[in-house]
Every structure is written in C-alpha cells, then in structure tokens.
Protein chains: 2
Amino acid sequence: MTGSAQPRQPEAGVRYDVFHTDCPARDVVDHVTSRWGVWVLISLRSNDLRFYELRESIQGISEKMLAQTLRALVQDGLVWREVEPATPPQVTYGLTEFGRDIGEPLTELFDRITQRLSPRNAG
Amino acid sequence: MTGSAQPRQPEAGVRYDVFHTDCPARDVVDHVTSRWGVWVLISLRSNDLRFYELRESIQGISEKMLAQTLRALVQDGLVWREVEPATPPQVTYGLTEFGRDIGEPLTELFDRITQRLSPRNAG
C-alpha cells in the first residue's frame, strides 16, 4: 500500500498490526496474555522449572492446560524445553532471550496491579 | 504469619500473591490479560472511544464479548464509562488513572513482541 522500502516482506498481505486477526504477532500476543500464559512466563522469570514445579507454583492450573500453554510458548520461541534422559525423564522449562525480553514489561504490569490493590495503598 | 507491622489488613487470610486463586489482584490481572481485555486497554490508550468505535478497531471481537470485557474493566476501575443523554444515547469509554498506569507496560509488551516478529528483524 505505502510502497515504503522494507528489507523483506515475508508474504504479500501479511499485516503487522496486532489489531487484525491476520497479523502473525497477534498469535504470540494472545499466547502471552492467555489465561495461563502470563503465569507461566512470570513463574519462569526467576528460575528454570520442572513441569511439576510449574504446576505447583500456579494455583488452579490443570496438567492439561499447563501442557497446552507450554506447547504454545515453546512454539512461539518464548520458552525452551529440555529433556534429561533419566527414568522417568526429567523435563525442564526456561525462558529464551525473547521470553526474558517479554517478561520485563509483564512483571512491571503485575507489580503495578498488585501495588495499586495492596492494602497499604487502599486507605 | 510473619507478624510484620502493616498499616492495615483488609481481611485476615487475604493473600496478595497473584499466583493464588484467592488473591484479589488475580481477578484484575486476569481481566487485563483476558482474550480481549488487552486489546480494549491498548485501543483506549490514544483516545476515548465510543462502543462502536472500539468494536471496529478490534478485529474479531463480538458485541457481546466487548460489552462483557468493558463491564469487567469498569468494575476493576481501569476504564470509565460515560453516557450522553442523546437519542440514541452515546456511550463513551476511556482509561482511568489506574488504566493508564497499566497501559504503559502493556504497550511496552506489545511493542517488544511486534518488533521481534516484524519482517525487518526476521532476517
């Protein structure tokens, strides 16, 4: 449309406008801000964690939802997954550089919400 | 438990730990990062908007989901709602101070995702 010179366009018609359902970035935004995605990303900020550790730290998440959430985040390149060949196999998850980059504003977001709602600021 | 001196405790047993389902802040975090909450908050960052304008700017949202999302955000104190007595009544939505405070890290989050996924950085 605009004819501006960009180094490369992956596909004609792909729009990098997250308000449009055909924007590739929208999937990632949706995963990051999904019902459980936020909690997984925040949990992994301080430490790499095993599957069961993640499950224990996020109250209310089912095993199925956690597996599904992790799969999406791994696909997006936000989380890495490492399988140690033990019996039973140990699976560890951690944040990639991209995940760490996203985790910063996400943590800021939560800090602001909890600060605002904390009893110390309610009076 | 810890016996630390805090100015006031709203209710015994209320935990300000967003990883727990009984944390009052968790509802707000869930609304902010809900399927549509993020898009509404981001849309309102630049301008106050009418209901139909919000609907037009967020592709894929239904009227029902938009109404539901707005109701939750108004209840949380993130968005205000103003009805002008016209025929038909004009309803306008905008960000409260709390909403604006949250909008900052939320925008930062989206900027980082779109920057990372934009074709200019993919090569």
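## A first look at sheets and helices in chains A and B

In chain A, strands β1(A) and β3(A) run antiparallel to each other and are paired over 2 bridges. That pairing is part of an open sheet of 3 strands, ordered β1-β3-β2 in chain A. This is a predicted model, and the tour below starts with that sheet, moves on to the helices around it, and then turns to chain B.

**The sheet of chain A**

- The pairing in this sheet is antiparallel, and the strand order β1-β3-β2 puts β3 between β1 and β2.
- β1 (49–50) and β2 of chain A are the edge strands; each has a single partner strand, so one side of each has no neighbour in the sheet.
- To get from β2(A) to β3(A), the chain passes through a hairpin of 5 residues.

- Most peptide bonds are trans.
- The bond from A:T87 to A:P88, however, is cis, with omega near -5 degrees.
- You will find A:P88 in the loop between β2 and β3 of chain A.

**Helices packed on the sheet of chain A**

- For the next two points, keep the pairing of β1(A) with β3(A) over 2 bridges in view.
- Helix α2(A) packs on the sheet and touches β1, β2 and β3 of chain A, with a direction at about 90 degrees to that of β3(A).
- Helix α4 (residues 63–75) of chain A also packs on the sheet, touching β2 and β3 of chain A, and its direction makes about 110 degrees with that of β2(A).

**Where α2 meets α5 in chain A**

- Helix α2 (residues 37–46) and helix α5 (residues 97–117) of chain A pack with their axes 9 Å apart, at an angle of about 105 degrees.
- An angle in the range 65 to 115 degrees counts as roughly perpendicular, and α2(A) and α5(A) are therefore described that way.
- From α2(A), the contact involves A:V38, A:W39, A:L41, A:I42 and A:R45, while α5(A) brings A:R100, A:G103, A:E104, A:L106, A:T107 and A:F110.
- Sorted by class, the residues of this contact are 6 nonpolar, 2 polar and 3 charged.

**A stacked aromatic pair**

- Over all chains, the structure holds 2 aromatic pairs.
- One of them is formed by A:W39 and A:F110, which are stacked, with 5.4 Å from centre to centre and 25 degrees between the planes.
- This pair links distant parts of the chain, since A:W39 sits in helix α2 of chain A and A:F110 in helix α5 of chain A, 71 residues apart.

**The sheet of chain B**

- Chain B has an open sheet of 3 strands with antiparallel pairing, in the order β1-β3-β2.
- Its edge strands are β1 (49–50) and β2 of chain B, each pairing on one side only.
- β2(B) and β3(B) pair in the antiparallel sense over 6 bridges, and B:V79 stands opposite B:L95 in β3(B).
- The loop between β2 (79–84) and β3 (90–95) of chain B holds B:P88.
- The peptide bond leading from B:T87 into B:P88 is cis, with omega near -5 degrees.

**Helices of chain B**

- Helix α4 (residues 63–75) of chain B lies across β2 and β3 of chain B and runs at about 110 degrees to β2(B).
- The axis of α4(B) comes within 10 Å of that of helix α2 (residues 37–46) of chain B, and the two cross at roughly 75 degrees.
- α2(B) and α4(B) are therefore roughly perpendicular to each other.
- In this contact, B:G37, B:V40 and B:L41 of α2(B) meet B:L66, B:T69, B:L70 and B:L73 of α4(B).
- The contact of α2(B) with α4(B) has 5 nonpolar and 2 polar residues, and no charged ones.

**A closer look at B:T107**

- B:T107 is part of helix α5 (residues 97–117) of chain B.
- Its side chain reaches the backbone oxygen of B:G103 at 2.7 Å.
- Leaving aside residues up to four places away in sequence, B:T107 touches B:I42 and B:R45.

Notes:
Residues numbered from 1 in each chain as written. Chains lettered and ligands numbered in written order. Predicted model: local features only at pLDDT ≥ 70, side-chain atom pairs only at ≥ 80, totals over all residues. Heavy atoms only, no water. Helix = DSSP H or I, 4+ residues; strand = E, 2+ residues; numbered from the N terminus. Polar contact = N/O pair within 3.5 Å; in protein donor to acceptor, adjacent residues only side chain to side chain. Contact = heavy atoms within 4.5 Å. Pairing = 2+ DSSP bridges. Axes fitted to C-alpha atoms, helices over the stretch in contact; angles between N-to-C directions. Parallel < 35°, antiparallel > 145°, perpendicular 65-115°, else oblique. Nonpolar A, V, L, I, M, F, W, Y, C, P; charged D, E, K, R; others polar. Phe/Tyr/Trp six-rings, centres within 6.5 Å; stacked < 30°, edge-to-face > 60°.
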